[in-house]
Amino acid sequence: MAEDSPHTITATVKNLNSENFKPNGDWTVVVPRRGKQKRRNHPKIETIEQAAWTPSDFETDLERESKLMQKIQICITKLENSDFYRTFLNQIQTPQILNYFTSILASEPKMQMVIYGIGSIDSYEPPRLQLALAILIKRSFDWIGDIEVFDPVLSKTESQVLEALGCSVLLVNEQGRRQVLKPTMFFMPHCEAVLYDNLLQANWQAEFLNRMVVFGNSFKRYAEFISEFKNCLSFDRSVNHVLAIRRFSIEVGIETVSDDFFRPFHDSSWHFFNLDPEMELELKSINY
């Protein structure tokens, strides 16, 4: 869809396995173990640990940047002309989904997008297709604002190309712990479970959750997977918030339509939150 003909918000709205996450797009609920931590029901911005980040390489070359830009443009064109993207757009434009986005925006004109865990867009096609989808979302809807991107594996070349595409590469590793102070779409397809949990933990209040939408792995599938394998696999408490929030969220799965887009987008869902502003969220103990 051309960038000069955006939709407005008022228009009519994998198989799971027990391996570690791989760059080909597979994901699981197996997460790294952490030491015991005292969780806060009301996280404060100053308690969120962040670390300065720069690419491990300090050089880039114009030829490599040009080749990567060509690869991404090919992915954008491929995606834009696909049945998958047409189905994806039609779903967003149903009244139900548009109403969810309208509620998040409230009186704000724009919803910023934060992309976590995109992976190496130079080395693998699935991350390029995921990035292409994020770019097309921004082009298609004029209520999508700036795009911020972070993944610790990004190279200098990849960072330069992302900037050339109009994205901002974060210089801080937030570990997913961005507290939401304005309407925000978190674009996180196939991230590790702990990253979703960090995000939810940092926003474990109704006022924060109501300002955000998450596009990423199906939380329902996480719950089903843990329930199925709880007797033979060991999990720590790093997914407690993911499991607990399901009672207060609306999950809308997307259709991959064809095998061409299965790897980058399988089992992906929108997650919307609509909580009573006066609600006090609790994190109940969950037995795996």
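This is a predicted model: local features need pLDDT of at least 70, side-chain atom pairs count only at pLDDT 80 or more; totals for chains, interfaces and linings use all residues.

Residues are numbered from 1 along each chain as its sequence is written, and side-chain values use heavy atoms, with hydrogens and water left out.

**Stop 1: α1 and α4**

Select helix α1 (residues 62-80) together with helix α4 (residues 125-140); helices here are DSSP runs of H or I with at least four residues, strands are runs of E with at least two, and both are numbered from the N terminus. The axes of α1 and α4 come within 8 Å and cross at roughly 65°, where an axis is a line fitted to C-alpha atoms, for helices over the stretch in contact, and the angle, from 0 to 180 degrees, is taken between N-to-C directions. The crossing of α1 past α4 is right-handed, a term for a near helix turned clockwise from the far one by less than a right angle, with anticlockwise giving left-handed.

Next, show the side chains in contact, which means heavy atoms within 4.5 Å. From α1 the contact takes in Leu68, Lys71, Ile72, Cys75, Ile76, Lys78, Leu79 and Glu80, and α4 brings residues including Glu125, Arg128, Leu129 and Arg139. Sorted by class, the contact of α1 with α4 has 11 nonpolar, no polar and six charged residues; Ala, Val, Leu, Ile, Met, Phe, Trp, Tyr, Cys and Pro count as nonpolar, Asp, Glu, Lys and Arg as charged, and the others, Gly among them, as polar.

Now center on Ile76, which is placed in helix α1 and is buried at a relative accessible area of 1%. Buried means under 20% relative accessible area, exposed means over 50%, and partly exposed lies in between, with a 1.4 Å probe and protein chains only. Leaving out residues up to four places away in sequence, Ile76 touches Ala132, Ile135, Leu136 and Arg139. A C-alpha to C-alpha distance from Ile76 to Leu129 gives 7.1 Å, although 53 residues separate the two in sequence.

**Stop 2: α1 and α5**

Arg64, Glu65, Leu68, Met69 and Ile72 of α1 meet Thr157, Glu158, Gln160, Val161 and Ala164 of α5, a contact with five nonpolar, two polar and three charged residues.

**Stop 3: α2 and α4**

The crossing of α2 and α4 is right-handed. Tyr85, Phe88 and Leu89 in α2 meet Leu133, Leu136, Ile137 and Ser140 in α4, which by class makes six nonpolar, one polar and no charged residues.

**Stop 4: Ser120**

Select Ser120 in the loop between β2 (111-116) and α4. At 14% relative accessibility Ser120 is buried, and, neighbours within four places in sequence aside, Ser120 is in contact with Pro127, Val153 and Glu158.

**Stop 5: α6 and His190**

Move to α6 (193-202), where 10 of 10 residues are buried, among them Tyr196, Asp197, Asn198 and Gln201. His190 sits in the loop between β6 (184-188) and α6 and is itself buried, at 2%.

Most residues other than glycine have a negative phi.

**Stop 6: Val257 and the cysteines**

Select Val257, in the loop between β8 (249-253) and α10 (262-265). Phi of Val257 is also positive, near 65°, and Val257 is partly exposed at 43% relative accessibility.

Finally, select Cys75, buried at 3%, and Cys167, buried at 2%. How many disulfides does the structure hold? There are zero, a disulfide being a pair of cysteine sulfur atoms within 2.5 Å.
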